[in-house]
Amino acid sequence: MESIKVAEWDKGHFQIVLKPTGEARRHAAFALNPRDAVVDQWHAVQRCVPGLHGKLADTIWDQLECHQLNSWIPMPREGGNWVTGPTYELESWRPTLPRWVNGKALIFTECLNRLGGDPAGPYGSPVRPDAGQTDLHRALANIG
């Protein structure tokens with residue numbers, strides 16, 4: 001990781017913003033075990049952000065894993081040339097997926113970004129297009 005930053009939001013919510021290195025993106029594309037980078041990144045996040053346990057740890061891990069494993073896919077978009085963007089935003093308010101859900105669900109939900117709206121925070125309007133999508137089971141039923 002080039003950097004790890006934490007943005008505080010309303011009512012104890014937070015967003016962890018990771019900036020991956022080019023090496024991390026290459027690892028996702030070419031390594032025999034691409035999850036090795038996820039484990040290394042996870043340990044770095046745990047050193048920087050205390051209190052990641054239980055369901056909070058599960059959702060942060062899911063978001064991190066999804067971003068890292070898909071980080072090598074090129075796709076021009078605002079701020080960068082990668083499908084996962086120039087940074088990985090891991091948000092405490094995202095719901096936890098059941099452990100049996102496969103990777104397709106993570107991709108469909110854009111690494112959980114489509115699940116759960118933003119709480120009030122420091123960045124403009126707290127309302128997002130995904131506001132109100134907090135019923136995880138309904139969201140999973142729409143995966144087709």
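Modeller: Two strands count as paired if DSSP finds at least two bridges between them. Helices (H or I, at least four residues) and strands (E, at least two) are DSSP runs numbered from the N terminus. The model is predicted, with pLDDT of at least 70 needed for local features and 80 or more for side-chain atom pairs, while totals for chains, interfaces and linings use all residues. Residues are numbered from 1 along each chain as its sequence is written, and side-chain values use heavy atoms, without hydrogens and water.

Colleague: What is the mean pLDDT of the protein?

Modeller: pLDDT is the predictor's confidence in each residue, from 0 to 100. In this protein, 69% of the residues reach 70 or more. The mean over the protein is 77.

Colleague: What is the order of the strands in the open sheet?

Modeller: The sheet has three strands, and their pairing is antiparallel. Strand 1 (3-8) and strand 5 (88-91) are the edge strands, each pairing on one side only. The order is therefore not simply a count along the chain, given how strands are numbered, and reads 1-2-5.

Colleague: Over how many bridges do strand 1 and strand 2 pair?

Modeller: Strand 2 covers residues 14-19, and its pairing with strand 1 is antiparallel. Within this pairing, V6 faces I16 of strand 2, and E8 has F14 as its bridge partner. The number of bridges between the two strands is six.

Colleague: Which residue in the turn of the hairpin has a positive phi?

Modeller: Strand 1 and strand 2 make up the hairpin, with five residues between them. A phi of about 55° is found in that turn, at K11.

Colleague: How many salt bridges does the structure hold?

Modeller: A salt bridge is a side-chain nitrogen of Lys or Arg within 4 Å of a carboxyl oxygen of Asp or Glu. One of them joins K19 to E2, another R35 to E65, and R94 and E91 form one as well. The total is three.

Colleague: How far apart are the closest N and O atoms of K19 and E2?

Modeller: K19 lies in strand 2 and E2 in the segment before strand 1, so the pair links distant parts of the chain, 17 residues apart, by the numbering of strands. K19 is partly exposed at 36%, whereas E2 is exposed at 52%. The closest N and O atoms are separated by 3.7 Å.

Colleague: R35 and E65 form a salt bridge; what is its N to O distance?

Modeller: This pair also links distant parts of the chain, R35 in helix 2 with E65 in helix 3, 30 residues apart. R35 is partly exposed, with a relative accessible area of 44%, but E65 is buried at 12%. From N to O, the side chains come to 2.4 Å.

Colleague: Is R94 buried or exposed?

Modeller: R94 meets E91 in a salt bridge, at 2.8 Å from N to O. R94 has a relative accessibility of 3%, so R94 counts as buried.

Conventions: Buried < 20%, exposed > 50% of the residue type's maximum accessible area, 1.4 Å probe, protein only.
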